[in-house]
Amino acid sequence: MRVHLTVNGRDETVDGVWEGESLLYVLRERMGLPGAKNACEQGECGSCTVYLDGLPVCACLVAAGQADGRRVRTVEGLADGGRLHPIQEAFVECGAVQCGFCTPGLLVQAHDLIERVGEPSDAEIREALAGNLCRCTGYEKILDAVRLAAARRGAARTGTEDRS
Amino acid sequence: MDFLRPATWAEALAAKAADPTAVPIQGGTDVMVEINFDVRRPPALLDLTAIGELGDWELTADGLLRVGAGVPYARIITELGDRLPGLAQASRTVGSPQIRNRGTVGGNLGAASPAGDAHPPLLACDAVIEAESAARGTRMIPATGFYLGVKRNALEPDELIRAVHLRPATGPQYFSKVGTRNAMVIAVCSFALALHPGERRLGAAVGSAAPTPLRARAAEEFAAREFDWSGATALDPALLARFGELAAEAASPIDDVRGTAAYRRHAIAVLARRTLTWAWNDYRGKAAA
């Protein structure tokens, strides 16, 4: 079947999609967007987290046909051209990337948290990231990265307000 | 495999009537797992996510909340947490934020897993499931008659779940669940409690400790008969203990990968005492105020 969707701001049409296929498979295997990772295929690990109509979801649990006419934003859509998004910069600076497999899902989930909450508490960060597994178990650095990105975002906002 | 994507509820009912083997899919958090693992290859998927009205909830003329089958757990928590606290607490324990953005009570009912987190609060709150078919129209099924066996419910092959009807809370409600961690856990066992002070009774239900979720009837009758519903007194520890025993006796658990039958029976008694203590403290606080 044919699926028409918007991915990272671009209209895309994908043909030959199997009816039982996941959005994750379409993104990775048919559209050449391997950022979202395929790991558990049962919504347990969060490695395939993408935005669907503005909400973070596990792409492995979205049937491809359900994404027809919807907006998808993947980890590839977070950076502004060649410039990393601040959450990505924070992950690099804090050493929150080890093997890197869980990183794309965590970035999307952390991006959503900071966009929604601004300066989240530790409890809010832990809750937001509860569905993203890191088997290198580098969670402390990941928490550091989210705190850093949130603090910088808060500081940037205050700075803007001061100038205005 | 066919992928059916009706744009309206009438089209969905017609599609289900034309092909009763079509499997409804909403958030995909159960159906897609089965397809990804090749456990199930339905001849057709019936995607209900394009039908906007399934994602709505409303207060009906008779004062009930009619929650569309497509309202995700995340919105039950944020939009209905004040009026449906028991269901909202259960919703908070479902999966992860990503799962709660997609998973729905309608899907929980369709899957009818004995471990589904929404079931105990639905039972404790006297929820009624609104099912519909093109041939016979709407049928209201009390939650108590909905769960027939492991992953079996009372739906006819041509029926779809339209909504769940619940009375907004009239007293304290609690849900508690045992698992190996706070997130991403299928219940080892769970328990829901809803006090209905106006009727001087409570609803109590057990999850993941029998082939179906079920009401703890003997515990409910004991509470209605023995508790001081004026709310003037603290619960006698003997009453609390007996309530826990009766709740545990309602369960008929099995040994499986998540826990043993003996552990589940023990834990149900603990959860029953714990949720009742929380609820009764709230109730006494209100009664005294």
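In this predicted model, A:S121 counts as exposed, because 11 C-beta neighbours lie inside 10 Å of this residue, and a residue is called exposed if 12 or fewer other C-beta atoms lie within that distance. The position of A:S121 in chain A is the loop between helix 3 (103–117) and helix 4 (122–128). A:M31 stands 90 residues from A:S121 along the chain, and the C-alpha atoms of A:S121 and A:M31 are separated by 37 Å.

Read from the N terminus on, the elements of chain A follow the order β-β-α-β-β-β-α-α-α-α. The C-alpha trace of chain A spans about 50 × 40 × 25 Å along its principal axes. For 164 residues, a compact globule would have a radius of gyration near 15 Å, and the value of 16 Å for chain A therefore agrees with that expectation. Of the 164 residues in chain A, 45% are buried. When the contacts in chain A with a separation of 6 or more are considered, 61% of them are accounted for by residues 24 or more positions apart.

The domain assignment divides chain A into domain 1, which covers residues 3–77, and domain 2, which covers residues 86–163. Between the C-alpha centres of domain 1 and domain 2 of chain A there is a distance of 22 Å. Where these two domains of chain A meet, 12 residues of domain 1 are in contact with 11 residues of domain 2. On the side of domain 1 of chain A that touches domain 2, the largest share comes from strand 3 (residues 49–52) of chain A, which supplies 3 residues. Sorted by class, that side of domain 1 of chain A consists of 7 nonpolar, 4 polar and 1 charged residues.

Chain A also touches chain B, and this contact takes 23 residues from chain A and 25 residues from chain B. On the side of chain A that touches chain B, the element that gives the most is strand 4 (residues 55–58) of chain A, with 4 residues. In terms of residue class, the side of chain A that touches chain B is made up of 11 nonpolar, 9 polar and 3 charged residues.

Turning to chain B, its secondary structure comes to 10 helices and 14 strands. The C-alpha trace of chain B spans about 60 × 45 × 30 Å along its principal axes. A compact globule of 289 residues would have a radius of gyration near 19 Å, and chain B, with 19 Å, therefore agrees with the rule. Buried residues account for 51% of the 289 residues in chain B. Of the contacts in chain B between residues at least 6 apart in sequence, 65% join residues that are at least 24 apart.

The sheets of chain B can be described strand by strand. In general, the strands of a sheet pair through backbone hydrogen bonds, and the pairing is either parallel or antiparallel. One open sheet of chain B is formed by 3 strands in the order 1-3-2, and its pairing is parallel. The edges of this sheet are strand 1 (2–4) and strand 2 (23–25) of chain B, each of which pairs on one side only. From one strand to the next, the twist of this sheet averages 25°. Strand 2 of chain B is joined by 3 bridges to strand 3 (residues 44–47) of chain B, and these two strands run parallel. Opposite B:I25 stands B:D47, a residue in strand 3 of chain B.

Another open sheet of chain B has 5 strands in the order 4-5-10-6-7, with antiparallel pairing. Here the edge strands are strand 4 (57–59) and strand 7 (137–142) of chain B, and each of them pairs on one side only. The twist in this sheet averages 25° from one strand to the next. Within the sheet, strand 5 (residues 65–68) of chain B pairs with strand 10 (residues 160–166) of chain B in the antiparallel sense, and the pairing extends over 4 bridges. B:G68 stands opposite B:A163, which lies in strand 10 of chain B.

How values were computed:
Residues are numbered from 1 along each chain as its sequence is written. Chains are lettered from A and ligands numbered from 1 in the order in which they are written. This is a predicted model: local features need pLDDT of at least 70, side-chain atom pairs count only at pLDDT 80 or more; totals for chains, interfaces and linings use all residues. Two residues are in contact if their C-beta atoms, placed from the backbone, lie within 7 Å. Ala, Val, Leu, Ile, Met, Phe, Trp, Tyr, Cys and Pro count as nonpolar, Asp, Glu, Lys and Arg as charged, and the others, Gly among them, as polar. The radius of gyration is taken over C-alpha atoms; the globule rule is 2.2 Å times the number of residues to the power 0.38. A residue is buried if 20 or more other C-beta atoms lie within 10 Å of its own, exposed if 12 or fewer, and partly exposed in between; C-beta atoms are placed from the backbone. Two strands pair if DSSP finds at least two bridges between them. Axes are lines fitted to C-alpha atoms, for helices over the stretch in contact, and angles run from 0 to 180 degrees between N-to-C directions. Domain bounds come from an automatic or database domain assignment.
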